[in-house]
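Open the model in your viewer and keep a selection panel at hand. The stops below go from the ligand shell to the salt bridges.

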Amino acid sequence: MAVILEARGLGKTYTTGPEPVVALRDVDLTVEEGTLTVVKGRSGSGKTTLLNLLGGLDEPTTGTVLVEGVDIHELSANELAEMRRKTIGFVFQTFGLLPILTAAENVEVPMRLARIDHEARRSRATALLEHVGLGGRARHRPHELSGGEQQRVAIARALANQPKLLLADEPTGQLDSRTGRTIIELILRVVREEGVAAIVATHDPTPMALADQVVELSDGRAIVDA
Ligand code: ADP
Ligand code: MG
């Protein structure tokens, strides 16, 4: 299968505070299309740092990230923004929906940024919400939805521009375990049916058995299990 993402020797030291913090050390990772990679580890082990580097949201101190063979940290700011918009979907623990927009309008945001026309946006948002089991909630605003429903909207939004890579940072962290499981199952369905590569950071044990690859972080170092 095609390799979507390759990280080599990835390291991050934060130098913002009075003492430098080594958050990630020498991490190697290869991710193929249509696979689920779970990143686990205690709070503070470097999961968010790793996902942010893989998604081009932050700059590594050492190492490289290749997305479809392109070194993303060699790109200009505009090229990187375009690559993120086209190739990567992000899902966060706190959903990150815009409160004044409806579910459908939230899903349309990335399509607006990609300058997809109004009609195509509407119909794709409707299809995506149906896909995540929220066909009847298109006109609801986030506060009218449960946490699990809001996360489904966030997943639909992340899929809006048909990304090859889905990065989810503790997507079940604010959900009860049963709702969390349905979110993981939804991500897995997207992986299996659409060939998207998903990288999910979590300390929820549910996805471990379903994962194609588990990366355990401990103090910023990775242990990769087959
Ligand atoms: P996790 O997501 O596994 O909880 P993080 O990647 O958020 O771990 O954090 C890893 C380490 O890096 C922690 O020690 C944390 O305090 C530190 N850290 C994270 N972000 C920053 C930052 N912006 N500035 C300084 N230190 C940070
Ligand atoms: Mg984190």
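By class, the shell around ligand 1 holds 3 nonpolar, 7 polar and 2 charged residues. The classes are nonpolar for Ala, Val, Leu, Ile, Met, Phe, Trp, Tyr, Cys and Pro, charged for Asp, Glu, Lys and Arg, and polar for the others, Gly among them. The model is predicted: local features need pLDDT of at least 70 and side-chain atom pairs count only at pLDDT 80 or more, while totals for chains, interfaces and linings use all residues. Residues are numbered from 1 along each chain as its sequence is written, chains are lettered from A and ligands numbered from 1 in the order in which they are written, and side-chain values use heavy atoms, with hydrogens and water left out.

Select the shell itself: Y14, T16, V21, A23, R42, S43, G44, S45, G46, K47, T48 and T49. A residue belongs here if one of its heavy atoms lies within 4 Å of the ligand.

Next, show the polar contacts, pairs of N or O atoms within 3.5 Å; within protein, one must be able to donate a hydrogen and the other to accept it, and residues adjacent in sequence count only if both atoms are side-chain atoms. A polar backbone atom of G44 is 2.6 Å from an oxygen atom of ligand 1. The side chain of T48 places a polar atom 2.8 Å from a ligand oxygen, and for T49 a side-chain N or O atom is 2.6 Å from one. Ligand 1 taken alone exposes 560 Å², of which the protein buries 63% (Shrake-Rupley method, 1.4 Å probe; for residues, only the protein chains shown count as cover).

Colour by element (DSSP runs numbered from the N terminus: helices H or I, at least four residues; strands E, at least two).

Now move to the salt bridges, each a side-chain nitrogen of Lys or Arg within 4 Å of a carboxyl oxygen of Asp or Glu. The count is 11.

Select E108 and R121, whose closest N and O atoms are 3.0 Å apart in a salt bridge. E108 lies in helix α3 (residues 103-113) and R121 in helix α4 (residues 118-131), so the pair ties together parts 13 residues apart in sequence. Buried means under 20% relative accessible area, exposed over 50%, and partly exposed in between (1.4 Å probe, protein chains only). E108 is buried at 2%, and R121 is buried at 10%.

Finish at E6 and R8, a salt bridge with its closest N and O atoms 2.8 Å apart. E6 is partly exposed at 28%, as is R8 at 34%.
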